Amino acid sequence: MILSKSKALKLLPNITIAAGILAATYVGTIGPLGAWRTAVSALTLASAILGADAVDSLLRFGVMAVSWAAVLLSSGFLLAVWLCRESGEMSLLIPSIGTIAWVVLLDCTQRNSKPRRLQ
């Protein structure tokens with residue numbers, strides 16, 4: 001089955017967040033735990049969450065804007081990573097938060113209002 005162009009474009013936010021989860025998990029689990037790996041892994045997933053929300057907004061409304069929900073979710077994730085940076089829980093935290101972001105941001109079909117740019 002071949003997807004039409006419009007259906008393939010609708011998958012772009014999902015592919016963005018899936019790639020972010022995979023990349024962040026890979027970076028977060030290779031080798032010994034280090035501060036740089038923790039930071040890069042967390043920033044990768046946070047930027048994937050924001051990017052997927054911006055792409056979703058662009059496809060739905062024609063305006064590339066990031067919602068407050070995505071900003072709060074990304075900053076909450078960065079705070080959680082900062083609090084758990086010394087423990088070895090990064091391999092569990094990243095896929096869990098990524099999956100939550102996927103469900104919360106992209107499965108929400110109730111957004112009917114046009115998003116406003118964050119100021």
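Does Ile21 count as buried or exposed? It counts as buried, because its relative accessibility is 10% (buried, under 20% relative accessible area; exposed, over 50%; partly exposed, in between; 1.4 Å probe, protein chains only). The legends below start from the whole chain and return to Ile21.

This is a predicted model, in which local features need pLDDT of at least 70, side-chain atom pairs count only at pLDDT 80 or more, and totals for chains, interfaces and linings use all residues. Residues are numbered from 1 along each chain as its sequence is written, and side-chain values use heavy atoms, leaving out hydrogens and water.

**View 1. The protein chain has 5 helices and 0 strands.** Its elements run α-α-α-α-α from the N terminus on (DSSP runs numbered from the N terminus: helices, H or I, at least four residues; strands, E, at least two). Of the 119 residues, 32% are buried. Among contacts with a separation of 6 or more, 72% join residues 24 or more positions apart (contact: heavy atoms within 4.5 Å). The accessible surface is about 7,500 Å², and carbon and sulfur atoms hold 68% of that (Shrake-Rupley method, 1.4 Å probe; for residues, only the protein chains shown count as cover).

**View 2. Confidence is highest in H2 and lowest in H5.** The mean values are 88 for H2 and 77 for H5 (pLDDT: the predictor's confidence in each residue, from 0 to 100). Over the protein chain the mean is 80, and 82% of residues reach 70 or more. Where pLDDT is low, the predicted coordinates should not be read in detail.

**View 3. Helix H3 covers residues 35-61.** Its 27 residues should span 39 Å at 1.5 Å a residue (expected span: 1.5 Å times one less than the number of residues). The end C-alpha atoms are 39 Å apart, so the model agrees with that expectation. Just after H3 comes Gly62, with a positive phi of about 80°.

**View 4. The largest nonpolar core has 16 residues.** Leu45, Ile49 and Phe77 have the most contacts inside it (nonpolar core: buried Ala, Val, Leu, Ile, Met, Phe, Trp, Tyr and Cys residues joined through side-chain atoms within 4.5 Å). At least two residues of this core come from each of H2 (12-29), H3, H4 (68-83) and H5 (90-106). H5 gives the largest share, 5 residues. Setting aside neighbours within four places in sequence, Phe77 contacts Ala42, Leu45, Ala46, Leu93, Ile94 and Ile97.

**View 5. Ile21 sits in helix H2.** Which residues does Ile21 contact, leaving aside its neighbours within four places in sequence? They are Leu45, Ile94, Pro95, Gly98, Thr99 and Trp102. Ser41 is 20 residues away along the chain, with 9.2 Å between its C-alpha atom and that of Ile21.

**View 6. Asp53 is a buried residue of helix H3.** Its relative accessible area is 1%. A polar atom of the Asp53 side chain lies 2.7 Å from the backbone nitrogen of Ser67. This can be read against the polar contact criterion (N or O atoms within 3.5 Å; within protein, one able to donate a hydrogen and the other to accept it; residues adjacent in sequence count only if both atoms are side-chain atoms).

**View 7. Ala69 and Ala70 both belong to helix H4.** Ala69 counts as partly exposed, because its relative accessibility is 43%. Ala70 counts as buried, because its value is 0%. Not counting residues up to four places away in sequence, Ala70 touches Ile49, Leu50, Asp53 and Leu105. The C-alpha atoms of Ala70 and Leu105 are 7.0 Å apart, across 35 residues of chain. For Ala69 and Ala101, 32 residues apart along the chain, the C-alpha separation is 9.5 Å.
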